[in-house]
Amino acid sequence: MSLFYKLLRMLALTKERELTCSEVNELLDYYVELEQSGENVKALMPTMTQHLRICPECKEEYDALKKITGIEPIMATAQEAS
Amino acid sequence: MTTDRSNETWLADLQAIGAQQDAAIQDLLSWLERRLFYYLRDRSDLRRLNGDEIAQMAADFAQDSVLIILKKSDQFQGRSKFTTWAAKIAVHQALGELRRARWRDVSLDELTADGSFEPDFLNTEQATPEQKALQSDIIATVMDVMQNELSERQRQALYARLVLGVPSGLLAEQMNTNPNALYKLIHDARKRLKARLVDRGLSPEDALSVFS
Ligand SMILES: [Zn+2]
């Protein structure tokens, strides 16, 4: 993807009001649990979803949190029991 | 060990003293360490590390995180499970450390280089003459705003974030600001660029379609 295209894509995602990274981090655990319980988080928390599309670090932390909290119980409890 | 405490029990145990607190800390530590281990083991950028090294890294991250969690435990508002909240703190801590390590040797000048956004590659082969004219117009508009309406700090920050992918925490430090102020600086720049395109009758979505 050319750099210029990437810039335009960011502009297309730009909103007048956006959450900062710390605001997103504040709500990230809640957002991930809502999503894991089957709620439509994109509709419920659109400003969170928008930030996650535009910010690589918050997206990385979101992916990691989903993975880490989704690990149980298969792998982790097998070890915990040992 | 047990991690099936209620949120209230987690808080009470961690804020207790003596054996009750020790047991809760140990449970939290083990819980985080195992999960961090599986997460780190699957990261493509850590493939060069062996199992023992990953385990050590997970142990160190878990240890650091538990100290932070203990300090912040009175800030837990109960919106999620306590363990999810704790994992969020551990993820923030661990990924922050990994980013810091990755960018450790990059100089301030490189991070904040006043680079050019002049497109080096354009998908013009199949573009019609009208599309090419529109592309030139969009590029000229964006470049004009970049040069004449954005501050040098905005250009530097946009370049470092978008082109180099410098993490915002690190860039904020290098630019003597904080991540929130940096976010606002870049957000204002994006809004300005977007508004100018719209002034010329082009939404960014239209602009994107001209280049794709
Ligand atoms: Zn962010």
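**Reading the zinc site and the largest pocket**

Mentor: Please bear in mind that this is a predicted model. Let us begin with the metal.

Trainee: Which residues are the protein donors of the zinc ion?

Mentor: The zinc ion is held at 2.0 to 2.4 Å by C21(A) through SG, H51(A) through NE2, C55(A) through SG and C58(A) through SG. Along the sequence, these donor residues follow the spacing C-x29-H-x3-C-x2-C. C21(A) belongs to helix α2 (residues 21-36) of chain A and C58(A) to helix α5 (residues 56-70) of chain A, so this pair ties together parts 37 residues apart in sequence.

Trainee: Why is the arrangement around the zinc ion called tetrahedral?

Mentor: It is called tetrahedral because the four donor atoms subtend angles of 104 to 115 degrees, and the criterion requires all angles to lie between 85 and 135 degrees.

Trainee: Is C55(A) buried or exposed?

Mentor: C55(A) is buried, because its relative accessible area is 2% and the cut-off is under 20%. C58(A), at 9%, is also counted as buried, and C21(A) is buried as well.

Trainee: How many disulfides are there over all chains?

Mentor: The count is zero.

Trainee: How should I approach the largest pocket?

Mentor: Rolling a probe the size of a water molecule over the atoms shows where empty space is left. Here the largest pocket has a volume of about 820 Å³. Its lining comprises 37 residues, and those nearest its centre are S22(A), N25(A), E61(A), H92(B) and Q93(B).

Trainee: Which element gives the largest share of the lining of the largest pocket?

Mentor: That element is α4(B), with nine residues. By class, the lining has 12 nonpolar, 14 polar and 11 charged residues.

Notes. Residues are numbered from 1 along each chain as its sequence is written. Chains are lettered from A and ligands numbered from 1 in the order in which they are written. This is a predicted model: local features need pLDDT of at least 70, side-chain atom pairs count only at pLDDT 80 or more; totals for chains, interfaces and linings use all residues. Side-chain values use heavy atoms; hydrogens and water are left out. A disulfide is a pair of cysteine sulfur atoms within 2.5 Å. Buried means under 20% relative accessible area, exposed over 50%, partly exposed in between (1.4 Å probe, protein chains only). Donors are N, O and S atoms within 2.8 Å of the metal (3.2 Å for Na, K and Ca); water is not among the atoms, so sites may look incomplete. Four donors count as tetrahedral if all angles lie between 85 and 135 degrees; four count as square planar and six as octahedral if opposite donors are over 155 degrees apart and all others between 65 and 115; anything else is irregular. Helices (H or I, at least four residues) and strands (E, at least two) are DSSP runs, numbered from the N terminus. On a 1 Å grid over the protein atoms alone, a cavity is a set of points where a 1.4 Å probe fits but cannot get out, and a pocket is an open set with protein on both sides within 12 Å along at least five of seven lines; lining residues have an atom within 4 Å of a point. Grid points are joined across faces, edges and corners, and a volume is the space filled by probe spheres set on the points. Ala, Val, Leu, Ile, Met, Phe, Trp, Tyr, Cys and Pro count as nonpolar, Asp, Glu, Lys and Arg as charged, and the others, Gly among them, as polar.
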